[in-house]
Amino acid sequence: MASTGERVLIAGASGDTGRELLSVLRPTDLTVRATTRSYATADALKRLGADEVVVADFFESADAVRAVEGCDVVYCALGTSPGPRHVLGGRLVDRTGAINLATAAVGESVDHFVLLSAIGVGTSKAGMSLAGRLLLRATLRAKRDAETALRRSGLGYTIFRPGRLTNATPTGEVVVGEGGDSVSGSIPRADVARVMAAAPFTPEARNRTFEIVSRDGLAGTPTNVVEVPWEFERVGVEHEREVRR
Ligand SMILES: NC(=O)c1ccc[n+]([C@@H]2O[C@H](COP(=O)([O-])OP(=O)(O)OC[C@H]3O[C@@H](n4cnc5c(N)ncnc54)[C@H](OP(=O)(O)O)[C@@H]3O)[C@@H](O)[C@H]2O)c1
């Protein structure tokens with residue numbers, strides 16, 4: 001389990017979920033390293049409170065090695081921007097980038113790797129409509145390959161498969177399923193960021209794959225729901241939730 005005063009990497013910190021993660025982790029005692037491919041965005045990430053920013057393209061394994069250097073935890077929030085590659089495939093950061101990062105993390109003896117995947121991937125296929133699966137088929141396969149590589153890597157890991165992501169305010173009520181065919185629906189990125197942030201500090205989350213939606217966003221009847229004692233306090237989330245009520 002990760003402990004105090006460590007350095008964490010947010011790969012994809014410039015993305016919508018990555019920024020939410022940055023805002024959760026920034027006030028903690030962790031040293032937060034953020035990544036983007038763009039020098040212009042690097043300045044914005046500094047302004048948002050990243051302690052360190054690395055400009056990196058994770059299609060390049062050397063960039064992954066440079067980004068992970070000295071890190072204890074890796075949060076991987078990489079994703080492919082909207083476009084035909086979700087159907088047609090080719091080189092996808094969801095596969096190549098995530099695997100380059102996991103490989104670099106093995107070399108750096110990273111303690112915990114948190115991967116953002118999606119409901120619809122692998123055993124969670126039933127949680128996504130057929131139309132969605134067809135439209136995202138290449139990405140879903142790429143994410144399946146990244147999940148498999150991470151499980152085989154020997155790293156401590158937590159894989160999160162969220163439902164459809166929204167930019168709504170956090171609800172603080174996340175329904176967690178396990179085993180693939182469990183929950184479906186939607187979830188605010190801010191709720192995803194909170195459980196992602198807590199995972200490396202939560203021993204019960206180690207080496208597990210969770211499907212997650214918000215209680216408000218639940219579609220259908222959930223099965224295989226699990227209770228996970230997230231260490232929210234370690235990342236300051238409990239306090240924030242109380243303030244919001
Ligand atoms: N949208 C949904 O409903 C949904 C549902 C379930 C799961 N997901 C998954 O959740 C994740 C996060 O989604 P999001 O919408 O928050 O992401 P997003 O806003 O699209 O952000 C994607 C991030 O990936 C980075 N990136 C892309 N290619 C890269 C490369 N070659 N090298 C380095 N960085 C690269 C981007 O960085 P720069 O552009 O700054 O370089 C950006 O920070 C994705 O994996 C997505 O598939 C999405």
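Two strands pair if DSSP finds at least two bridges between them. Helices (H or I, at least four residues) and strands (E, at least two) are themselves DSSP runs, numbered from the N terminus. By these rules, strand β8 (residues 174-178) pairs with strand β10 (residues 208-214) in the antiparallel sense, over five bridges. Within that pairing, Val-176 has Ile-212 of β10 as its bridge partner.

This is a predicted model, in which local features need pLDDT of at least 70 and side-chain atom pairs count only at pLDDT 80 or more, while totals for chains, interfaces and linings use all residues. Residues are numbered from 1 along each chain as its sequence is written.

A residue counts as buried if 20 or more other C-beta atoms, placed from the backbone, lie within 10 Å of its own, as exposed if 12 or fewer do, and as partly exposed in between. Four of the five residues of β8 are buried, so the strand is largely enclosed by the rest of the structure.

The protein as a whole comes to nine helices and ten strands. Its C-alpha atoms fill a box of roughly 45 × 40 × 35 Å along the principal axes. Buried residues make up 51% of the 245.

Contacts (C-beta atoms, placed from the backbone, within 7 Å) show how the chain is joined: of those between residues at least 6 apart in sequence, 74% join residues at least 24 apart.

A nonpolar core is a set of buried Ala, Val, Leu, Ile, Met, Phe, Trp, Tyr and Cys residues joined through C-beta atoms within 7 Å. The largest has 70 residues, of which Val-74, Tyr-75 and Cys-76 touch the most other members. Leaving out residues up to four places away in sequence, Cys-76 touches residues including Ala-11, Ala-98, Phe-113 and Leu-116. Another core, of six residues, lies apart from the largest one and includes Ile-119 and Met-128.

The ligand has 27 residues around it, and Ser-14, Gly-15, Thr-17, Arg-37 and Gly-79 come nearest; a residue is near if its C-beta atom, placed from the backbone, lies within 6 Å. Two or more residues of this shell come from each of α1 (16-25), α5 (93-107) and β7 (164-166).

Gly-89 sits in the loop between α4 (85-88) and α5. Gly-89 is partly exposed, with 15 other C-beta atoms within 10 Å.

Methods: Two residues are in contact if their C-beta atoms, placed from the backbone, lie within 7 Å.
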